[in-house]
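Open the structure in your viewer and keep the selection panel at hand. The stops below go from one selection to the next.

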Amino acid sequence: MRQHRRTLRLLGSLLLVAMAASVTGAAPAPAASPTPLDRVIPAPASVAPGGSPYRITRGTHIRVDGSRETRGVGEYLAKILRPSTGYRLPVTAQGAGGIRLRLAEGPFGAEGYRLDSGRGGVTVTAARPAGLFHGVQTLRQLLPAAVEKDSVQPGPWLVAGGTIKDTPRYGWRGAMLDVSRHFFTVEQVKRYIDQLALYKINKLHLHLSDDQGWRIAIDSWPRLATYGGSTEVGGGPGGFYTKADYREIVRYASSRYLEVVPEIDMPGHTNAALASYAELNCDGVAPPLYTGTEVGFSSLCAGKDITYDFVDDVIRELAALTPGRYLHIGGDEAHSTSHEDYVKFMDRVQPIVAKYGKTVVGWHQLTGATPAKGALAQYWGLDGTSAEEKARVVKAAQGGTGLILSPADRVYLDMKYTKDTPLGLSWAGYVEVKRSYDWDPGAYLPGVPGGAVRGVEAPMWSETLENSGHVEFMAFPRLPGVAELGWSSAASHDWERYKGRLAAQAERWDALGIEWYRSPQVPWGAGGR
């Protein structure tokens, strides 16, 4: 009904303008102009505007080559464009002109692409399907925001003329979703995946276990999910993913060119497991389920052999479900584990990950032990973290350990924007939009070799977040900035220019039904509500 009223008002306004022009001889309103090529997020590597725009019309086809992957990207694009344009937009290997998606060798790398637009059509070229998919995200942002709506809109559907050449700065551009403190359904996770894909995020880190809930079915230890997954923060019903559920998340993420990185946090953050199986406790006594938000009180028993049988079973089953390269073993805030036991635990667990064909990822406390060869450490410290702790991370990086940067007072998306933010926490401080964007991952930890920084990741912890609207309000508008830090060159990072591009995204979020925070630091203008 609201859409109907808006349509009537729009038609009435257009009629009045036309009548005024006929009476006064005034010139009609200027024709719609396309979005400039440099208006997208993340900022492309190079932009060369020029020539006439391409207009998507009823006769437009989406042309693909014979590969299954290219056709899949074409069908994905068609599903986005059809509802709002009302056009058929057939995906075909025949014909000329229109929108063309093509795989070809070139200087694109695994994820880069080239987009050429002119009067005769739009061509996205990449060496790999992931590059085509990322190029399609750029094409989406070059079209009017109304293209995201699920009903027919008036258009016109113009793509500015010129060429974009684009490759990412980092190979790891991640977002973490904590499904342990509050459980999120498969459909809610899929919704977040779609939002991440728009900004070329390529890793979905799922935090699957914690003190408050165990969220993945493990056949050899069934009570982990059925009992350990039966609650959440505040005492809600919790939930868990069956193996089929998890496979569906992995499949859906893969269709959006995101790799799922599952995390089983250990040896701390393990109360849900300890409550499920008494034998995992050093004293053989199972604690009660936990629904609070404190940390650091739980620990697997490093001195028991059954602990490592348990870890082996869990990693074996999870690795078999996960086609991606990485498996995250947590390792943070193990305050109830002695340093000696922590080192012993990590020395025994990391080879188990390798045994099942995966590469270890751990929070940066892993550097307090001996990271396995090829392991990645995820740094979540603050600007004010002690020099000693930072030095340990730097030393590990100099020794070959790769780093994922997730400084909590920059990119923890669950941190409050201001003291008045109704959701989130503030232990790392308040993180407004400018602060989350205005830093350089390559220079953040002095002494770290440039090649050691593998990328950035924006964690979303869920102590206070219960639904998709909560997640979106905390992610937007900060998430696009983290995506840009991971994709775009350091030279392109400029807050004054970025905030204008960010403001232009608001209309798209509205069209997609995304909840978002109207930061006073951003000149939202008429486009944002």
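Select strand β10 (residues 172-178) together with β19: six bridges join the two, and they run parallel. Within this pair, alanine 175 stands opposite alanine 458 of β19. Two strands are called paired if DSSP finds at least two bridges between them. Helices (H or I, at least four residues) and strands (E, at least two) are DSSP runs, numbered from the N terminus. This is a predicted model, in which local features need pLDDT of at least 70 and side-chain atom pairs count only at pLDDT 80 or more, while totals for chains, interfaces and linings use all residues. Residues are numbered from 1 along each chain as its sequence is written, and side-chain values use heavy atoms, with hydrogens and water left out.

Stay on β19. Seven of its eight residues are buried, so β19 is largely enclosed by the rest of the structure. Buried means under 20% relative accessible area, exposed over 50%, and partly exposed in between, with a 1.4 Å probe and protein chains only.

Strand β19 (residues 453-460) pairs with β18 in the parallel sense over three bridges, and valine 453 in β19 is the bridge partner of leucine 403. Which way do the residues of β18 point? From this strand (residues 402-405), Gly402 and Ile404 point one way and Leu403 and Leu405 the other, and all are buried.

## The seven-stranded sheet

Select the strands in the order β1-β9-β6-β7-β5-β3-β4, which form an open sheet of seven strands with mixed pairing. At its edges are β1 (46-49) and β4 (91-92), each pairing on one side only. Zoom in on β1 and strand β9 (residues 162-166): four bridges join them, and they run antiparallel. Proline 49 stands opposite glycine 162 in β9.

## Two helices

Show helix α6 (residues 243-255) and helix α8 (residues 305-321), whose axes come within 10 Å and cross at roughly 45 degrees. That makes α6 oblique to α8. Axes are lines fitted to C-alpha atoms, for helices over the stretch in contact, and angles run from 0 to 180 degrees between N-to-C directions. Angles under 35 degrees count as roughly parallel, over 145 as roughly antiparallel, 65 to 115 as roughly perpendicular and the rest as oblique.

Contact means heavy atoms within 4.5 Å.

## Two buried residues

Pick arginine 501, found in helix α15 (residues 495-503). Arginine 501 counts as buried because its relative accessibility is 8%. Apart from neighbours within four places in sequence, arginine 501 is in contact with Asp38, Arg39, Val40, Ile41, Pro42, Ala43, Tyr437 and Glu484.

Finish at glutamine 505, in the loop between α15 and α16 (506-512). Is glutamine 505 buried or exposed? Glutamine 505 is buried, with a relative accessible area of 4%. Again leaving aside neighbours within four places in sequence, its contacts are Arg39, Ile41, Gln141 and Tyr199.
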